[in-house]
Amino acid sequence: QVQLAESGGGFVQAGGSLRVSCAASGLTFSLRTMGWIRQAPGKEREFVAAIGRDERTTNYADSVKGRFIISRDNTKDTVFLQMNSLKPEDTAVYYCAASGASRPFWRSRDLRSYDYWGQGTQDTVSS
C-alpha cells in the first residue's frame with residue numbers, strides 16, 4: 001500500500017522559515033518525480049515545486065522561486081521542501097505527491113501527472 005506521510009508543517013511569522021518532509025513507502029520512489037502542491041483556503045490546488053528522479057532537476061512556481069528549495073534523498077525515500085522568507089500568502093495545506101513511474105519530468109507542473117498524494121500538512125504564516 002502506497003503511503004506519503006508529510007511532517008514538519010506549522011505556524012510561523014512572515015519572513016520566517018519552515019521545512020516540511022514527506023516519507024514515501026510502498027512505491028518505487030527513485031523512479032518518480034516528486035512534487036509539492038498547495039491549496040489555500042477557498043482556492044484550487046496549485047503547483048509549488050518538483051524534483052526529478054536524478055535528485056538534481058528541479059522546477060518551481062514563479063511565486064516561490066528563490067525562496068523555496070526542494071530536495072530529495074532516494075536512499076531514504078524522502079522529499080523535502082525548505083520554505084524561506086515566508087509570506088502570509090504562502091499559508092496553505094501542503095501536499096506531497098508522487099508521479100507515475102518513469103513519467104517525464106516536463107509534466108511536473110501538471111497536477112494530473114501525480115498518481116499518489118499525501119494527506120497534507122497545514123502551514124500558516126502570520127503577518
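Predicted model: local features only at pLDDT ≥ 70, side-chain atom pairs only at ≥ 80, totals over all residues.
Trainee: OK, how many helices and strands does the protein have?

Mentor: The protein has zero helices and 11 strands, where helices (H or I, at least four residues) and strands (E, at least two) are DSSP runs numbered from the N terminus. Its radius of gyration is 13 Å, close to the 14 Å that the globule rule gives for 127 residues, so the protein is as compact as a globular protein of that length; that radius is taken over C-alpha atoms, and the rule is 2.2 Å times the number of residues to the power 0.38.

Trainee: What does the C-alpha trace span along its principal axes, and what share of the residues is buried?

Mentor: The C-alpha trace spans about 40 × 25 × 25 Å along those axes. Buried residues account for 47% of the 127, with buried meaning under 20% relative accessible area, exposed over 50% and partly exposed in between (1.4 Å probe, protein chains only).

Trainee: Switching to charges, how many salt bridges does the structure hold?

Mentor: The structure holds seven salt bridges, each being a side-chain nitrogen of Lys or Arg within 4 Å of a carboxyl oxygen of Asp or Glu. One of them pairs Asp90 with Arg38, and their closest N and O atoms are 2.9 Å apart. Asp90 lies in the loop between β8 (78–83) and β9 (92–99) and Arg38 in strand β4 (residues 34–39), so this pair ties together parts that are 52 residues apart in sequence.

Trainee: Are Asp90 and Arg38 buried or exposed?

Mentor: Both Asp90 and Arg38 are buried.

Trainee: And which salt-bridge partners does Asp110 have?

Mentor: Asp110 forms a salt bridge with Arg107, the closest N and O atoms being 3.7 Å apart, and another with Arg112 at 3.0 Å, N to O. Arg107 counts as partly exposed because its relative accessibility is 26%, whereas Arg112, at 69%, counts as exposed. Elsewhere, salt bridges that share partners join Arg38, Glu46, Arg67 and Asp90 into one network.

Trainee: What about Asp73, where does it lie and what is its nearest side chain of opposite charge?

Mentor: Asp73 lies in strand β7 (residues 68–73). Asp73 is buried yet has no salt bridge, and the nearest side chain of opposite charge, Lys76, is 4.3 Å away. Not counting residues up to four places away in sequence, Asp73 touches Phe29, Glu55, Thr78 and Phe80, a contact being heavy atoms within 4.5 Å.

Trainee: Last one, where is Gly8, and which residues is it in contact with?

Mentor: Gly8 sits in the loop between β1 (3–7) and β2 (11–13), and it is partly exposed, with a relative accessible area of 42%. Leaving aside neighbours within four places in sequence, Gly8 is in contact with Leu18, Arg19 and Val20. Gly8 and Ala24, 16 residues apart in sequence, are 15 Å apart in space, C-alpha to C-alpha.

How values were computed
Residues numbered from 1 in each chain as written. Heavy atoms only, no water. Lys, Arg positive; Asp, Glu negative; His and termini not counted.
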